[in-house]
Amino acid sequence: QLQVAESGGGSVQSGGSLRLSCAASGVTADNLAIGWFRQAPGKAREAVGCIEFSDDSTYIVPSMKGRFTISRDNAKNTVNLQMNDLKTEDTAVYYCAADTALLGGGSYYCVANENLYKSWGKGTQVTVSS
């Protein structure tokens, strides 16, 4: 059974950086996709981005592009979310989730839509103070 677990959350001042990790275990494959999502207090969960394992292609939602990047450590089956220039509005619980990547036009790709992911981590808190 595919499982994922986040780590790396914490507290940082505005303008700082944090790197979150998502470790995948159980059944993994080259056509796996991992998505990152976050939920701020009193708000709905929102997408951050995703990565699919066949060629490590990534997607970051436009509002976070330029500050957030997603990468994979193949040896450790771990996906990292690097967050730079953090703002107070980035304060949230961050989740990673995994599922089979989508196939279209002969290539795998990921979509940052929470409804497409079945295996979820418990989340890690990120707090950004001014």
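Q: Are C22 and C96 buried or exposed?
A: A residue counts as buried when its relative accessible area is under 20%. In this predicted model, C22 and C96 are both buried.

Q: What do C22 and C96 form?
A: A disulfide is a covalent bond between the sulfur atoms of two cysteines. C22 and C96 form such a link, with their sulfur atoms 2.1 Å apart. The torsion about the S-S bond of C22 and C96 is about 75°, so this disulfide is right-handed. The pair joins distant parts of the chain: C22 belongs to strand β3 (residues 18-25) and C96 to strand β9 (residues 92-100), 74 residues apart.

Q: How many disulfides does the structure hold?
A: There are two disulfides in the structure. C50 and C110 form a disulfide, and their sulfur atoms are 2.1 Å apart. The link of C50 and C110 is right-handed, with 80° about the S-S bond. C50 sits in strand β5 (residues 46-52), while C110 sits in the loop between β11 (107-109) and β12 (119-120), so the pair ties together parts that are 60 residues apart in sequence.

Q: Why does C110 count as buried?
A: The cut-off for buried is under 20% relative accessible area. C110 has 13% relative accessibility, so C110 counts as buried. C50, at 0% relative accessibility, also counts as buried.

Q: Which pattern do the disulfides of the chain follow?
A: Bonded cysteines are counted along the chain, and the pattern is 1-3, 2-4.

Q: Where is F37, and how far from V126 is F37 in space?
A: F37 is placed in strand β4 (residues 32-39). With 1% relative accessibility, F37 counts as buried. F37 and V126 are 89 residues apart in sequence, and their C-alpha atoms are 12 Å apart in space.

Q: How many helices and strands does the chain have?
A: The chain has zero helices and 13 strands. The radius of gyration of the chain is 14 Å, close to the 14 Å that the globule rule gives for 130 residues, so the chain is as compact as a globular protein of that length. Along its principal axes, the C-alpha trace spans about 45 × 30 × 25 Å.

Q: What share of the residues of the chain count as buried?
A: Of the 130 residues, 43% count as buried. The chain exposes about 6600 Å², and carbon and sulfur atoms supply 46% of that area.

Q: How many positive and negative side chains does the chain have?
A: The chain has 11 positive and 12 negative side chains. The centres of these two sets lie 5 Å apart.

Notes:
Residues numbered from 1 in each chain as written. Predicted model: local features only at pLDDT ≥ 70, side-chain atom pairs only at ≥ 80, totals over all residues. Heavy atoms only, no water. Disulfide = S-S within 2.5 Å. Helix = DSSP H or I, 4+ residues; strand = E, 2+ residues; numbered from the N terminus. Buried < 20%, exposed > 50% of the residue type's maximum accessible area, 1.4 Å probe, protein only. Rg over C-alpha atoms; globule rule 2.2 N^0.38 Å. Areas by Shrake-Rupley, 256 points an atom, 1.4 Å probe, with all protein chains shown as cover. Lys, Arg positive; Asp, Glu negative; His and termini not counted. Charge placed at Lys NZ, Arg CZ, Asp CG, Glu CD.
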